[in-house]
Amino acid sequence: MTVPKHVQQLDRVVIRFAGDSGDGMQLTGDRFTSETAQLGNDISTLPNFPAEIRAPAGTLPGVSSFQVAFADYDILTPGDTPNVLVAMNPAALKANLPELRKGATIIVNTDEFTKRNLQKVGYPGNPLEDDSLAGYDVHPVGLTSMTLRALEDHPISKKDAERAKNMFALGLLSWLYSRPYESTMTFLERKFAARPELVAANKAAFSAGWSFGETTEGFAVRYEVKPAQMKPGHYRNITGNTALALGLVAAGVRSKLPVFLGAYPITPASDILHELSKHKKLGVTTMQAEDEIAAIGAAVGAAYGGALGVTTTSGPGVALKGETISLAVALELPLVIVDVQRAGPSTGMPTKTEQADLNMALFGRHGEAPVAVIAPQSPADCFYAAIEASRIALTYRTPVILLSDGYIANGSEPWLLPEVSELPDLQVSFADGPNGEDGKFYPYLRDPQTLARPWAPPGLAGLEHRIGGLEKADKTGDISYDPANHDFMVRTRAARIEAIDVPDIEVDDPSESANVLVLGWGSTYGPIGAACRALRQRGLNIAQAHVRHLSPLPANLGDVLRSYDKVVLPEMNLGQLAHVLRARYLIDVVSYNQVRGMPFTSAQLESMLEEVIKNA
Amino acid sequence: MPSAPLQLSAKDFKSDQEVRWCPGCGDYAILAAMQGFLPELGVPRERIVFVSGIGCSSRFPYYLNTYGMHSIHGRAPAIATGLSVSRPDLQVWVVTGDGDALSIGGNHLIHALRRNVNLKILLFNNKIYGLTKGQYSPTSEVGKITKSTPAGSADYPFNPISLALGAEASFVARTIDSDRKHLTSILRAAAQHQGSAFVEIYQNCNIFNDNAFEVLKDAETRDDYLIRLEHGQPLTFGKEGQFAVTHPAGSFGLTVQNTSEVDGSELLVHDAHRDDPAYAFALSRLAGPDLRHTPVGVFRSVQRTSYDELVRGQVSKAKEKSSGDPEQDLTALLNSGDTWTIL
């Protein structure tokens with residue numbers, strides 16, 4: 001019997017799937033996201049998982065979660081607090097409950113609420129049976145037992161049947177939010193292509209979850225979120241790491257150069273290596289090197305040979321690569337270094353986000369070794385940042401550090417797919433003959449505009465020359481210990497970075513009368529933007545600007561900062577960019593910091609900014 | 001590629017840079033041998049690249065009129081790997097020393113060898129740090145008194161040949177700076193090898209470790225100290241051929257006996273192409289700390305597909321599926337997966 005259901009319209013929903021590391025929560029979240037994307041909602045996601053592959057089952061450190069926000073309007077963040085928590089066990093409930101507001105929906109897998117599991121996480125009693133969940137809309141569901149019952153007749157092991165409980169949960173949630181499920185069916189067929197019995201079982205578990213929603217009296221209301229008004233075009237949902245990898249592939253295509261990636265596996269950057277290793281067809285060569293130093297060394301060697309040399313890593317890897325980055329500064333070769341930042345120091349919290357490698361990117365090398373630094377602001381923006389990093393590297397013959405972070409690397413959003421022909425033209429010209437008036441070749445004779453030296457890969461007769469880490473004489477590149485020459489070369493290398501053409505920073509201030517500017521860089525764009533929107537909706541004025549080029553900084557930045565009474569700068573570090581801006585522009589930037597391994601919530605930024613505005 | 005035979009001489013490979021090694025340094029002899037050898041290689045100058053790390057030997061690229069990179073300490077094999085894999089048209093040589101290759105760069109050396117990257121790696125072994133002025137190196141003998149070890153070094157040394165063999169090297173050889181003919185023959189064999197060629201060159205540092213290899217050079221002693229390895233030739237040596245390398249029954253290794261005491265059937269014939277590296281390894285263990293029974297020549301030379309070829313093969317195979325228009329392929333890639341359209 002089907003209970004008639006009331007359908008309620010919502011404009012925005014935040015769901016968090018939480019369970020044990022082995023419960024398949026990342027996959028469940030990913031599938032729900034994909035179904036939601038098909039519907040045309042705007043989306044933002046936040047995966048959150050432990051560094052341990054399988055922490056002890058049922059414990060708090062083993063909790064893995066995936067949060068997805070979707071709306072009928074353009075959204076900037078995966079949401080501060082979930083409206084719905086799917087808790088697959090007591091640990092997932094305990095770990096996530098503090099972040100829920102009263103009234104939130106909690107769907108719990110009651111089968112896992114055993115005495116032993118409750119004890120594991122320190123619950124004195126069963127929270128489902130006392131009043132500790134009072135005020136929440138709790139739906140106790142026997143996810144495991146119902147899945148097992150639904151799969152009784154399937155020729156699979158009990159273990160495999162149990163593992164399908166995430167599909168039961170997905171089916172239930174898909175029903176509850178009226179999601180189209182065709183893409184999940186196709187996905188299951190692809191994923192378990194080699195084991196048809198698992199395709200059937202997982203599909204059956206999904207259907208059982210869906211039907212349970214339809215028939216149970218527990219869920220009286222079903223929800224709908226209408227498609228968002230988005231720019232017309234072709235979309236796909238994309239994580240920052242995938243976008244970054246595709247941006248590097250695109251840079252290779254648009255520069256007509258082979259891409260060479262040297263990389264050593266490191267969380268949270270490894271997915272870029274995985275992705276790029278799939279695109280040999282487009283001329284990408286990937287090398288999993290013996291260590292971080294070899295990875296960048298090989299990329300420098302490939303760049304010397306005329307390829308677009310790239311190395312991808314996280315903070316600890318950049319620390320190891322420092323000496324080779326300095327070599328690339330001296331050699332003046334194009335090189336892209338991707339740092340997907342994670343919480344440090346040392347191993348820190350490898351799967352958690354942070355923005356604390358800015359100082360290292362700007363200053364973390366021996367000698368005067370300036371490089372260009374840029375940071376993407378959202379998952380899809382990683383695509384364009386990779387192209388921009390490549391443009392700067394190729395045009396100015398310099399190492400460029402691209403600072404992504406764990407938040408946007410693993411998070412996802414819909415991406416309006418670009419026309420390839422409209423992407424920047426990155427074609428370069430190699431040295432094709434002697435460049436001196438005397439008919440000789442001078443490897444360090446510079447282009448007067450860009451200050452770039454000729455790129456002369458081996459292979460052309462007559463241009464044989466030697467380069468190296470020793471200081472070079474201007475123009476000839478010969479070894480030189482001349483004091484005046486060294487002073488000149490140090491200043492020239494600095495001027496070369498300062499000469500990089502970067503766009504002016506743009507300020508968003510619909511009121512045109514704000515006294516307070518909130519500045520950000522990198523992945524804080526989403527939460528800062530959402531906070532600004534909320535403030536403006538409440539009639540408060542605030543200006544927002546986001547720094548994409550961190551070295552060199554936009555030429556107009558100083559003037560922009562000086563034109564506001566107060567400049568506030570939230571960063572997921574202890575004030576690294578604020579420090580730079582104070583030193584450079586002598587402006588008393590208000591630094592707002594958090595290093596919790598998690599992105600800012602828009603609510604916390606909203607209340608902080610409100611305070612600043614009121615006191616400005 | 002030019003089709004006319006190249007008419008190059010040693011002079012064509014001399015760069016315009018002033019050579020700045022100490023007078024009497026063994027590096028001069030190696031440089032001269034290299035400049036003398038390169039013309040016969042038949043590879044145009046612009047297709048030859050020398051990559052080095054840091055140390056006295058690593059100045060080598062500056063003095064050759066080819067392409068070259070003097071990089072950073074220990075990293076030359078890694079840099080050269082990236083270059084070699086992405087540019088199959090080049091012949092890439094790595095010049096390194098005992099400190100550069102075996103201490104700070106040990107990791108890159110062993111991994112280049114196991115991958116079998118198409119590099120010719122020349123390790124100038126003088127058993128001392130020269131450029132930093134005389135500290136002991138990873139090939140210095142135990143007890144070595146140096147500036148950093150006034151009471152004698154406590155470090156047990158590497159045997160570079162054993163190390164290279166343990167790292168799965170497909171070509172391993174040793175030669176000596178002062179024997180130009182032998183040195184040239186080894187450079188030739190290394191250049192012809194497809195894959196990593198590892199060559200240890202005993203090189204004299206006349207400032208900080210003079211005469212370290214004198215017994216191998218002195219006309220009085222050398223013939224009794226050196227075992228000249230030649231593929232297909234019996235492993236006998238000595239002024240009168242009075243010594244023979246044998247494989248005693250029940251032993252894992254090789255030993256040296258008086259030829260007169262050896263039955264003809266026990267005489268070993270050098271086989272550099274043996275697949276099992278244990279034989280070459282046993283040869284590498286013959287010499288003692290006094291350098292008596294030091295084999296020179298090619299220890300091992302076996303065929304194994306190079307890393308470069310395997311990597312490029314994967315790329316070429318993938319490219320067969322390309323439409324021929326990279327922009328079209330990129331468009332298809334960007335539009336792959338679950339996409340949707342907003343009208």
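**Exercise 1. Charge**

How many positive and negative side chains does chain A have, and how far apart do the centres of the two sets lie?

*Solution.* Start with the model: it is predicted, local features need pLDDT of at least 70, side-chain atom pairs count only at pLDDT 80 or more, and totals for chains, interfaces and linings use all residues. Side-chain values use heavy atoms, without hydrogens and water, residues are numbered from 1 along each chain as its sequence is written, and chains are lettered from A and ligands numbered from 1 in the order in which they are written.
Step 1: sort the side chains. Lys and Arg are positive, Asp and Glu negative; His and the chain ends are left out.
Step 2: place each charge at NZ of Lys, CZ of Arg, CG of Asp or CD of Glu.
Step 3: count. Chain A has 55 positive and 69 negative side chains. The two centres lie 3 Å apart.

**Exercise 2. Overall form of chain A**

Work out how the radius of gyration of chain A stands against the globule rule.

*Solution.* Step 1: take the rule, 2.2 Å times the number of residues to the power 0.38, with the radius taken over C-alpha atoms.
Step 1: apply it. For 616 residues, a compact globule would have a radius near 25 Å; chain A has 27 Å, which agrees.
Step 2: The C-alpha trace spans about 95 × 60 × 45 Å along its principal axes.

**Exercise 3. Domains of chain A**

Find the domains, then relate domain 1 to domain 4.

*Solution.* Step 1: read the bounds, which come from an automatic or database domain assignment. They are domain 1 (6-225), domain 2 (236-422), domain 3 (430-501) and domain 4 (507-615).
Step 1: take the C-alpha centres of domains 1 and 4. They are 36 Å apart.
Step 2: check for contact (heavy atoms within 4.5 Å). Domain 1 gives eight residues and domain 4 gives 11 residues.

**Exercise 4. Two residues**

Is A:T147 buried or exposed? Where does B:D177 sit?

*Solution.* Step 1: A:T147 lies in helix α4 (residues 143-150) of chain A. Its relative accessible area is 0%, so A:T147 is buried.
Step 1: beyond four places in sequence, A:T147 contacts A:A161, A:A164, A:K165, A:F168 and A:A205.
Step 2: B:D177 sits in the loop between β5 (171-176) and α6 (180-192) of chain B. At 4% relative accessible area, B:D177 is buried.
Step 3: beyond four places in sequence, the contacts of B:D177 include B:G26, B:I30, B:Y202 and B:K217.

Terms used
Helix = DSSP H or I, 4+ residues; strand = E, 2+ residues; numbered from the N terminus. Buried < 20%, exposed > 50% of the residue type's maximum accessible area, 1.4 Å probe, protein only.
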